[in-house]
Amino acid sequence: MKQSILKVVILVLLVSTAFVISAGLNNAQGSRDQDSRTATIQAAPPEKTVEQVFKNIKVLNGTPQSQLYPVMRFMAASLGFQCGSCHVIKNGRGDFPADDKPEKQF
Ligand code: HEC
C-alpha cells in the first residue's frame, strides 16, 4: 500500500516537472522570437537627415530629421523667442527656409 502511494507521488512529481520544463521551453522560444523582431527593426534603413528633408540647411547637417522641430523648439524656448523671431512669417504661415531675417543667421 505504502509503495503504491509512493509511486503516485513520484508520478505526480514527474508530470509537474515536465510541465515546468515545457513552460520554460515555450518562454525561451518567445524570447528568441523577440530577438528576431529586434533584429528586423535594427535592419531597417537609417532615418533621413535634416538636409535630406528640409530645403535650406547649412548648420544642422547630419542631424536626424525627427530632431529638427525639437531643436527649433529648444532654441526658441532657451532664448525666450518665438519661431517668428528668426523665421519669416507670411500671411500667418512660416516661410522657414527663407534667410531674410538677420536673427536666423549664425
Ligand atoms: C534662434 C533662431 C530660430 C528660432 C527661434 C527658430 N528657428 Fe527654425 N531655424 C533657424 C535656423 C538658423 C535654421 C537653419 C538651420 C541650418 O541651416 O542648419 C532653421 C531652420 C528651420 C527649418 C528648416 C527650414 C528649411 O526647409 O530649410 C524649419 C522647418 C524650422 N526652422 C522651424 C522652426 C520652428 C517651427 C520654430 C519655432 C518652434 C523655429 N524654427 C524657431 C533658426 C531659428
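**Figure 1. Val59, an exposed residue of the predicted model**. In this predicted model, Val59 is exposed because 8 other C-beta atoms lie within 10 Å of its own, and a residue with 12 or fewer counts as exposed. Val59 belongs to the loop that links helix 2 (50-53) to helix 3. Its C-alpha lies 8.5 Å from that of Phe106, although 47 residues separate Val59 and Phe106 in sequence. Val59 is also one of the residues that come nearest to the ligand.

**Figure 2. The shell of 24 residues around the ligand**. Phe54, Val59, Met72, Cys83 and Cys86 come nearest to the ligand. By residue class, the shell comprises 16 nonpolar, three polar and five charged residues. At least two shell residues come from helix 3 (68-79), and at least two from helix 4 (83-86). Helix 3 gives the most, with seven residues.

**Figure 3. Helix 3 and the glycine just after it**. Helix 3 consists of twelve residues, and the distance from its first C-alpha to its last is 17 Å, close to the 16 Å expected at 1.5 Å a residue. The number of buried residues among these twelve is zero, so helix 3 lies largely in the open. Among the elements of the protein chain, helix 3 has the highest mean pLDDT, at 98. Just after helix 3 comes Gly80, whose phi is positive, at about 70°.

**Figure 4. Asn91 in the loop between the two strands**. Asn91 is located between strand 1 (88-90) and strand 2. The phi of Asn91 is near 50°, a positive value in a residue other than glycine. Asn91 is exposed because 5 other C-beta atoms lie within 10 Å, where 12 or fewer make a residue exposed.

**Figure 5. Phe96 in the segment after strand 2**. Strand 2 covers residues 93-95, and Phe96 is found in the segment after this strand. Cys83 is among the residues that come nearest to the ligand.

**Figure 6. Helix 1 in the context of the protein chain**. The protein chain contains four helices and two strands, which follow one another from the N terminus in the order α-α-α-α-β-β. Helix 1 (residues 2-42) has the lowest mean pLDDT among these elements, at 63. Where pLDDT is low, the predicted coordinates should not be read in detail. Over the protein chain, pLDDT averages 83, and 64% of the residues score at least 70. Of its 106 residues, 1% count as buried. Among contacts with a separation of 6 or more, 9% are between residues 24 or more positions apart.

Key
Residues numbered from 1 in each chain as written. Predicted model: local features only at pLDDT ≥ 70, side-chain atom pairs only at ≥ 80, totals over all residues. Near = placed C-beta within 6 Å. Nonpolar A, V, L, I, M, F, W, Y, C, P; charged D, E, K, R; others polar. pLDDT = per-residue confidence, 0-100. Buried ≥ 20, exposed ≤ 12 C-beta atoms within 10 Å, placed from the backbone. Expected span 1.5 Å × (residues − 1). Contact = placed C-beta atoms within 7 Å.
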